[in-house]
Amino acid sequence: MGNQSQIPPTQQERHMVLLESNQESLLTMEERRELEELSLAADQLMLKKAHACALLRWRGHPIRALMLLSGLMQESRSWA
């Protein structure tokens, strides 16, 4: 995966398909291995981003809340 900051959309889609098939116990051994690799890559990326966020915060940079970054805060205000 290298130094990517995002997982490619095709890889994300494949991961979701495998997760759904796994819930139905429909995976072959090869697909289970692929699911493990994709899950590991997603987990590693999440940890890298969390570590980067912690470093920035520790160095005094303001970190916006996830809700603000994703636009959820605007949606929740429109519901009120």
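I began with the salt bridges, and the structure holds three of them, a salt bridge being a side-chain nitrogen of Lys or Arg within 4 Å of a carboxyl oxygen of Asp or Glu. The model is predicted, so I noted that local features need pLDDT of at least 70 and side-chain atom pairs pLDDT 80 or more, while totals for chains, interfaces and linings use all residues. Residues are numbered from 1 along each chain as its sequence is written, and side-chain values use heavy atoms, with hydrogens and water left out.

Because Glu-31 lies in helix H2 and Arg-14 in helix H1, the pair ties together parts that are 17 residues apart in sequence. Helices here are DSSP runs (H or I, at least four residues), numbered from the N terminus.

I then checked the length of H1, residues 9–23: its 15 residues should span 21 Å at 1.5 Å a residue, and the end C-alpha atoms are 21 Å apart, which agrees; the expected span is 1.5 Å times one less than the number of residues. Just after H1, I found Ser-25 with a positive phi of about 55°.

Last, I turned to the packing of H1 on H2 (residues 29–58), where the angle is about 125° and the axes are 10 Å apart. Axes are lines fitted to C-alpha atoms, for helices over the stretch in contact, and angles run from 0 to 180 degrees between N-to-C directions. In contact (heavy atoms within 4.5 Å), the H1 residues include Leu-18 and Leu-19, and those of H2 include Leu-35 and Leu-38.

Methods
Helix = DSSP H or I, 4+ residues; strand = E, 2+ residues; numbered from the N terminus.
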